Amino acid sequence: MPETSLRPRSAVERSVVRADELTVIIPAYNEAASVGDTIRSLLDQTTPPREILVVDDCSTDGTGEVAAALGVTVLRPETNTGSKAGAQTYALRHVRTDFVMAIDADTVLDSDAIETLGEVFADPEVVAASGHVLPRHVSTVWERGRYVEYLYSFTFHKPVQDVFGRPLISSGCFSMYRTDELCAVGGWSDRTMAEDMDLTWTFSERGHRVRFVPEASSYPIEPATFGFLAKQLRRWSHGFVQNVMLHWRGLLGVPYLRSVVAIGFFDALVSPALTLLVLPLLALFVSSWFWLAFVIDLPMVALPVLVGARRRGEFGRALVGLPAYFVLRLVNCWFMLGAVTSELVFRRRLTTYEKGH
Amino acid sequence: MTAGVPGLGLSGLFLVASVLVMPLLRRRPGEVRPTRRRALVVLAVAIAAATWGTWALVAGAVGAGREGARAAGLGGTHAGVPALLVSIAIVALILAVTEILALVLRPRPTPTEPPITPIHRSGPTPGPNRPASGIPGAEG
């Protein structure tokens, strides 16, 4: 038997996406402080991409100059495209490789992230794949809450959804696509505030497969202040409701994903009122024991979080961050309440993309 | 973002149920490794056990308190029905309604944006990370 067949194949040998087949798009508006780290992280990959396109979306802080100094291609639309989706789709026309990856301008990757993510494209039905996401900085209460929220989601929710071949969302901050399929659906649409969810559901409706690859890790900068967090949560909550309204009829043809979305939508409709109104009233006027309801699902959250954290050698950080998760969840409920009320009751769509990391 | 109902844990419950039916799924080549599936099953069983234990603990604590009767809903029952059964019933109802809708209403594909034609797709092959020909402002 040849010696080579006895060796376990390395990630390089397994990877389907070769370096010369991948273009990376980085949408950037006033990201001079962080885009350099993102580009360096891409250049340091074990399989660096053939081309890196930075879309300098009419920044005023020298983002384009920072990117150009690192030797990548900088595209600059005549006017601001108005959204991350617009900037990414603008760059898509310039892509000449079989695969394309989108990464936020504040995100860095593990050095083998691209290689690892590329493995799942061995399946010709896979058109999109995303990796694990964790905040790069974890110090404020919002960052700690987000850290736990991501660990919970990426340790339990997404792996389960992946087994069924239907992840709820291929994260916009770090995802890879087949260029042809992405072009066929018109790229990233700005018709909702959550272009990554829109794209994921569009692919699923068309019968394509979307994968989640936990071994490929990315590290975006998450909102450290409430102001930035508010902008992000407003976009996400409105984006979810907008996507449900846009896709519900199409999703009915997608088993499992339709169940995940239905339960998520029920939660979105019911949980804000229950959490922010009914439970506090019960606790105040019926029995103080009802305060316990806010943390009664601690084991359900803590177990996957601590398992995920232990794998990464971050057990202590996760343990300390757990209380912040419950604070963040209340804030999530508040913004979901606003989105449901605005989009469904008053029929006021959020259409302005406010950047907030 | 997570905005679930505290205590009901509908999404978590649905995921735990999903994991339990995993062994019935046909595995395709290149899909999730069996070891990862097993790890998810172990995790789901642990979550279910921990959740059950917590509810039992809270039920005991509430029952022992002076306000026990008034907080019975939190202590594990809603109008005499165990809270876990209430959650399971809600999840089952949502799933049933969704499946009925899928049967009754014909799924209609969501329209997409017009296809995009790449500018250079059939053009010459550039070198890796070609130098910044696109100086800010030059491509617009």
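In chain A, residues 24 or more positions apart account for 79% of the contacts with a separation of 6 or more, two residues being in contact if their C-beta atoms, placed from the backbone, lie within 7 Å. The structure is a predicted model, in which local features need pLDDT of at least 70 and side-chain atom pairs count only at pLDDT 80 or more, while totals for chains, interfaces and linings use all residues. Residues are numbered from 1 along each chain as its sequence is written, and chains are lettered from A and ligands numbered from 1 in the order in which they are written.

Chain A contains twelve helices and eight strands, where helices (H or I, at least four residues) and strands (E, at least two) are DSSP runs numbered from the N terminus. The radius of gyration of chain A is 21 Å, close to the 21 Å that the globule rule gives for 357 residues, so chain A is as compact as a globular protein of that length; the radius is taken over C-alpha atoms, and the rule is 2.2 Å times the number of residues to the power 0.38. Along its principal axes, the C-alpha trace of chain A spans about 70 × 55 × 45 Å. Of the 357 residues in chain A, 59% are buried, a residue being buried if 20 or more other C-beta atoms lie within 10 Å of its own, exposed if 12 or fewer, and partly exposed in between, with C-beta atoms placed from the backbone.

Chain A is assigned a domain 1 (3-224) and a domain 2 (245-345), with bounds that come from an automatic or database domain assignment. The centres of domain 1 of chain A and domain 2 of chain A, taken over C-alpha atoms, are separated by 26 Å, and the contact between these domains takes 22 residues from domain 1 of chain A and 23 residues from domain 2 of chain A. On the side of domain 1 of chain A that touches domain 2 of chain A, α6 (141-163) and α8 (195-205) of chain A each supply at least two residues, and α6(A) gives the most, with 14 residues. By class, this side has twelve nonpolar, five polar and five charged residues, where Ala, Val, Leu, Ile, Met, Phe, Trp, Tyr, Cys and Pro count as nonpolar, Asp, Glu, Lys and Arg as charged, and the others, Gly among them, as polar.

The largest nonpolar core holds 119 residues, of which A:I26, A:V54 and A:V55 touch the most other members; such a core is a set of buried Ala, Val, Leu, Ile, Met, Phe, Trp, Tyr and Cys residues joined through C-beta atoms within 7 Å. Helix α12 (residues 315-345) of chain A provides the largest share of this core, eleven residues. Domain 1 (3-224) and domain 2 (245-345) of chain A both give residues to this core, so the core lies between them. When neighbours within four places in sequence are left aside, A:I26 is in contact with A:V35, A:T38, A:I52, A:L53, A:V54, A:V55, A:I103 and A:A105. A second, separate core of ten residues includes A:F290, A:L292, B:W55 and B:V62.

Strand β8 (residues 209-220) of chain A has nine of its twelve residues buried, so this strand is largely enclosed by the rest of the structure. Strand β5 (residues 107-109) of chain A pairs with β8(A) in the antiparallel sense over three bridges, and A:T107 stands opposite A:P220 in β8(A); pairing requires that DSSP finds at least two bridges between two strands. Strand β6 (residues 126-133) of chain A pairs with β8(A) in the parallel sense over seven bridges, with A:H132 standing opposite A:S217 in β8(A).

Positive phi values occur at two residues other than glycine, as follows. A:Y256, with phi near 70°, is placed in the loop between α9 (226-251) and α10 of chain A and counts as partly exposed, with 14 C-beta neighbours inside 10 Å. A:R347 has a positive phi of about 55°, is found in the segment after α12 of chain A, and counts as exposed, with 7 C-beta neighbours inside 10 Å.Chain B has three helices and two strands, which follow the pattern α-α-β-β-α along the sequence. Buried residues make up 26% of the 140 residues in chain B, and among contacts in chain B between residues at least 6 apart in sequence, 44% join residues at least 24 apart. The contact between the chains takes 82 residues from chain A and 69 residues from chain B. Helix α10 (residues 257-285) of chain A contributes the largest share of the side of chain A that touches chain B, 14 residues, and by class this side has 44 nonpolar, 20 polar and 18 charged residues.
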